[in-house]
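Me: Hi! Could you walk me through the salt bridges here, and then the sheet?
Reply: Happy to. Let's have the structure up first.

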Amino acid sequence: MKIKPTKLELRLSFSLPAFLFFLLSMGSPMLTAQESQNTIQDDDSYPITIERMPEYPGGVEELIKFLSKNVRYPAKAKNNYIQGIVVLQFIVERDGSISNTEVVEHVGGGCDEAALAVFKKMPKWSPGLKEGGVPVRVQYKLPIQFKLPIGFY
């Protein structure tokens with residue numbers, strides 16, 4: 001017998017500690033950022049020390065709330081019991097806007113597209129700052145987990 005999950009359970013499921021661990025393990029730039037000619041066009045093409053990393057308005061907890069509210073579990077993925085982690089790579093620009101969003105780890109079943117669609121709704125972040133408080137472009141990776149609740153399959 002299948003248990004019908006609530007809508008909230010179908011949208012997105014991850015815990016804050018697991019999310020932070022995954023961010024760190026993905027090589028997310030917590031202390032430094034790499035700017036290179038092939039990914040970020042800038043005068044600086046060497047690794048720089050970031051004084052302050054880009055941040056979603058309100059911090060990680062608000063980012064999680066935003067994703068939980070806006071990510072929709074695709075019907076195709078639910079019907080085919082597809083689960084996994086979509087990893088998006090993007091650039092937080094000097095003005096805080098998001099650009100060059102791409103999927104670097106795919107799940108399929110419409111999950112990749114659902115994750116990308118959320119970034120169209122995302123507000124501006126506070127930009128990363130290098131020494132002297134100068135805004136810089138920073139490449140970022142963000143994992144979004146698609147997980148069906150226990151008993152769904």
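Reply: A quick definition to begin: a salt bridge here is a side-chain nitrogen of Lys or Arg within 4 Å of a carboxyl oxygen of Asp or Glu. Keep in mind that this is a predicted model.

Me: Fine. How many salt bridges does that rule give?
Reply: The count is three.

Me: Which side chain does glutamate 62 meet in a salt bridge?
Reply: That of lysine 65, with N to O at 3.3 Å. Both residues sit in helix α3 (residues 60-70), and because they are three residues apart there, about one helical turn separates them.

Me: And is glutamate 62 buried, exposed or partly exposed?
Reply: Glutamate 62 is partly exposed, with 33% relative accessibility.

Me: OK, next one. What does arginine 137 pair with?
Reply: Glutamate 93, and their closest N and O atoms are 2.6 Å apart. This pair links distant parts of the chain, 44 residues apart: arginine 137 is in the loop between β6 (134-136) and β7 (138-146), while glutamate 93 is in the loop between β3 (84-92) and β4 (98-105).

Me: Where does glutamate 93 fall, buried or exposed?
Reply: Buried, at 15% relative accessible area. Arginine 137 is buried too, at 10%. The cut-off is under 20%, which is why both get that label.

Me: Which residue does aspartate 95 bridge to?
Reply: To lysine 124, with 3.6 Å between the closest N and O atoms. Here again distant parts of the chain are linked, 29 residues apart: aspartate 95 lies in the loop between β3 and β4, and lysine 124 in the loop between α5 (111-121) and β5 (128-130). Aspartate 95 is partly exposed, at 45% relative accessible area.

Me: Switching to the sheet. What's the strand order?
Reply: β4-β3-β7, an open sheet of three strands with antiparallel pairing. β4 and β7 are the edge strands, each pairing on one side only. From one strand to the next, the twist averages 25 degrees.

Me: How many bridges join β3 to β4?
Reply: Five, and the two strands run antiparallel. As one example, valine 87 has glutamate 105 in β4 as its bridge partner.

Me: Last one: which strands does α5 touch?
Reply: α5 packs on the sheet and touches β3, β4 and β7. The direction of α5 makes about 35 degrees with that of β3.

Conventions
Residues are numbered from 1 along each chain as its sequence is written. This is a predicted model: local features need pLDDT of at least 70, side-chain atom pairs count only at pLDDT 80 or more; totals for chains, interfaces and linings use all residues. Side-chain values use heavy atoms; hydrogens and water are left out. Helices (H or I, at least four residues) and strands (E, at least two) are DSSP runs, numbered from the N terminus. Buried means under 20% relative accessible area, exposed over 50%, partly exposed in between (1.4 Å probe, protein chains only). Two strands pair if DSSP finds at least two bridges between them. Axes are lines fitted to C-alpha atoms, for helices over the stretch in contact, and angles run from 0 to 180 degrees between N-to-C directions. Contact means heavy atoms within 4.5 Å.
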